[in-house]
Amino acid sequence: MAYVASIEAPLCSEQFGSGTARRCRAATDGSLQWEAWGRRWWAFSGAFTAKPGGRDGGERVAPGTAVPPLSRLLAVFLPQGFPDSVSPDYLPYQLWDSVQAFASSLSGSLATHAVLLGIGVGNAKASVSAATATWLVKDSTGMLGRIIFAWWMGSKMDCNAKQWRLFADILNDVAMLLEIMAPIFPICFTMTICISNLAKCIVGVAGGATRAALTMHQARRNNMADVSAKDGSQETLVSLAGLLVSLLMLPLVSDCPSLSLGCFFFLTALHIYANYRAVRALVIETLNERRLWLVLKHFLQRGEVLGPASANQMEPLWTGFWPSLSLSLGVPLHRVTSSVFELQKLVEGHQEPYLLRWDQSQTIKDVQNKPTSGSCSEVVFWKLLGRSTGEQHEMKLERKG
């Protein structure tokens, strides 16, 4: 078809997010003619008229000029407005997260096969009552563990979402290993699967809590619900693919325990590697204790401020190997000072309705009437500053202005 763009100049153009822009021109009858999605005028064989009621911008594309199939497929699994509506690290994180979910689905199939074999599925001598009792004890143990772990560690997962995310996935691998090994030791079968289910319930709490924290980080247009829903769609698709592959894999490895165990270790290695790459791809702009300490240390040593990407790359990902601050709020005054001289030093020139004290035992003590986030942030900053410079001394902190 001949090139017809020179007949009239476009009146305007529109673009949604980072999608392809399309132009509009006036038709001979006074209506608006829109360029086809992703095409030039010379490739457009029939003009179509814009009509109200479309999903995006109130436009509806006429029949015969549909959105490309790939765009429709991506719209099912990616948040609306992608990539502008999510954080820059969304795509690499989700890709590696899909890889780990696929590997975990296959490993879970092997573990489930082992548990059912140990309970007695396929064994004529197995007791239904015994199998039911074992299953109930396993579930009860997991429920209690879920409640206790949520109470114990629930408040620590927001600021250390990456560390707890990696911890949860590694613990899930340990739980599945226990399930695979359980039939080998029939005497300890019930105890083994109870411990395994306890670990899986902890994984559920840690994984769900950190997923919520990461969703808050990824959503950039108040679209947490959309990001969370699309993440669920991606996980469902990957799990479905894992189930289909499992149907082909299990008949091949079920009769050979050594081959089954070898497949499990291979999938576990892939799972851990993909999880590491996923959490390492995250670039969280907010400061937690570890990132703040890295920023302060780097600034004091080199006089430069670390950017978010550098601080996240240097941040350790293994939880439990980092000395945390001991912060006590609402401490009675007699635990802060025991002499008139110390009390006078604390209140000298002090105008705020609280006292902050850092003692030689590396414990932050706070006596105050109205707790504020500013006072806590201040004392944490000075504590980390002291750790970065290696100072071990007692000081009084006063917030001014």
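Predicted model: local features only at pLDDT ≥ 70, side-chain atom pairs only at ≥ 80, totals over all residues.
View A. By residue class, the lining of the second largest pocket divides into 10 polar, seven charged and five nonpolar residues.

**View B. Helix α6 has a kink of about 30 degrees, centred on S246.** The helix is made up of 30 residues and reaches 41 Å from its first C-alpha to its last, which is close to the 44 Å expected at 1.5 Å a residue.

**View C. The buried residues of α6 are covered by elements that include α1 (69–77), α2, α5 and α7.** The buried residues of this helix are V227, K230, D231, Q234, V238, G242, S246, M249 and V253, so that S246, on which the kink is centred, is itself one of the buried positions. An α-helix has 3.6 residues a turn, so residues three or four places apart point the same way.

**View D. S260 lies in helix α7 (residues 257–281).** With a relative accessible area of 14%, S260 counts as buried because this value is under the 20% cut-off. When residues up to four places away in sequence are not counted, S260 touches L110 and V253, and V253 is also among the buried residues of α6.

Note on methods:
Residues numbered from 1 in each chain as written. Heavy atoms only, no water. Nonpolar A, V, L, I, M, F, W, Y, C, P; charged D, E, K, R; others polar. Helix = DSSP H or I, 4+ residues; strand = E, 2+ residues; numbered from the N terminus. Buried < 20%, exposed > 50% of the residue type's maximum accessible area, 1.4 Å probe, protein only. Contact = heavy atoms within 4.5 Å. Expected span 1.5 Å × (residues − 1). Bend = angle between axes of the 7 residues up to and from the residue.
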